[in-house]
Amino acid sequence: MKGHLLALALAVASWYGAAYQGRPMANGHPFDRHALTCASWDYPLGTRLKVASRASGMAVIVVVTDRGPAKRLLATRQLDLSEAAFKAIAPLKQGLAEVAIT
């Protein structure tokens, strides 16, 4: 998908952080909660996504490096952002954010 802009998708994003720090991700690298990454079942590993909060309008560019959210949560969320990525668009205490993905 290099060089192609993905269609706009609306989703709910959550975040993951310290509890997963250093654990291996689906791409084989250790998770870094300070990196601008995300977990998704819908996009190929290595895909760059622009994720924008629908409430704040703030946006961040992330790379899909892992698989998630947990399958039991897929009915309520579609994307897991790293702690740093979520913090760039919404307060961590918010927990979930409605986002637009391109």
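Which residues lie nearest the centre of the largest pocket? Of the 18 residues that line this pocket, Tyr 16, Tyr 20, Pro 69, Ala 70 and Asp 80 lie nearest its centre. The structure is a predicted model, in which local features need pLDDT of at least 70 and side-chain atom pairs count only at pLDDT 80 or more, while totals for chains, interfaces and linings use all residues. Residues are numbered from 1 along each chain as its sequence is written, and side-chain values use heavy atoms, with hydrogens and water left out.

The fold was described first by its strands. Helices (H or I, at least four residues) and strands (E, at least two) are DSSP runs numbered from the N terminus, and two strands pair if DSSP finds at least two bridges between them. Six strands close into a barrel, with mixed pairing, in the order β1-β5-β2-β4-β3-β6. From one strand to the next the twist averages 45°; axes are lines fitted to C-alpha atoms, for helices over the stretch in contact, and angles run from 0 to 180 degrees between N-to-C directions.

Strand β6 (residues 97-101) is joined to strand β3 (residues 48-53) by three bridges, and the two run antiparallel. Within this pairing, Ala 100 in β6 is the bridge partner of Ala 52. Strand β1 (residues 9-16) also pairs with β6 in the antiparallel sense, over five bridges. Ala 9 has Ile 101 of β6 as its bridge partner, and Val 12 stands opposite Glu 98 in β6. Four of the five residues of β6 are buried, so the strand is mostly covered; buried means under 20% relative accessible area, exposed over 50%, and partly exposed in between (1.4 Å probe, protein chains only). With strand β5 (residues 79-82), β1 pairs in the parallel sense over four bridges. Here Tyr 16 stands opposite Ser 82 in β5.

Individual positions were then examined. Leu 49, found in strand β3, is buried, because its relative accessible area is 0%. Leu 49 and Ile 89 are 40 residues apart in sequence, and their C-alpha atoms are 14 Å apart in space. Ser 82, found in strand β5, is likewise buried, with a relative accessible area of 0%. Contact means heavy atoms within 4.5 Å. Not counting residues up to four places away in sequence, Ser 82 touches Trp 15, Tyr 16, Phe 31, Asp 32, Arg 33, Ala 35, Leu 36, Thr 37 and Cys 38.

Ala 35 lies in the loop between β1 and β2 (37-39) and is partly exposed, since its relative accessible area is 25%. When neighbours within four places in sequence are left aside, Ala 35 is in contact with Ser 82, Ala 84 and Ala 85. Ala 35 and Glu 83 are 48 residues apart in sequence and 8.1 Å apart in space, C-alpha to C-alpha. In strand β4 (residues 59-66), Thr 65 counts as buried at 7% relative accessibility. The contacts of Thr 65, with neighbours within four places in sequence left aside, are Met 25, Ala 26, Asn 27, Thr 37, Cys 38 and Leu 45.

On a 1 Å grid over the protein atoms alone, a cavity is a set of points where a 1.4 Å probe fits but cannot get out, and a pocket is an open set with protein on both sides within 12 Å along at least five of seven lines; lining residues have an atom within 4 Å of a point. Grid points are joined across faces, edges and corners, and a volume is the space filled by probe spheres set on the points. The largest pocket has a volume of about 250 Å³. The largest share of its lining, three residues, comes from β1. By class, the lining has 10 nonpolar, two polar and six charged residues, where Ala, Val, Leu, Ile, Met, Phe, Trp, Tyr, Cys and Pro count as nonpolar, Asp, Glu, Lys and Arg as charged, and the others, Gly among them, as polar. Pro 69, one of the residues nearest the pocket centre, lies in the loop between β4 and β5. The peptide bond from Gly 68 to Pro 69 is cis, with omega near 0°.
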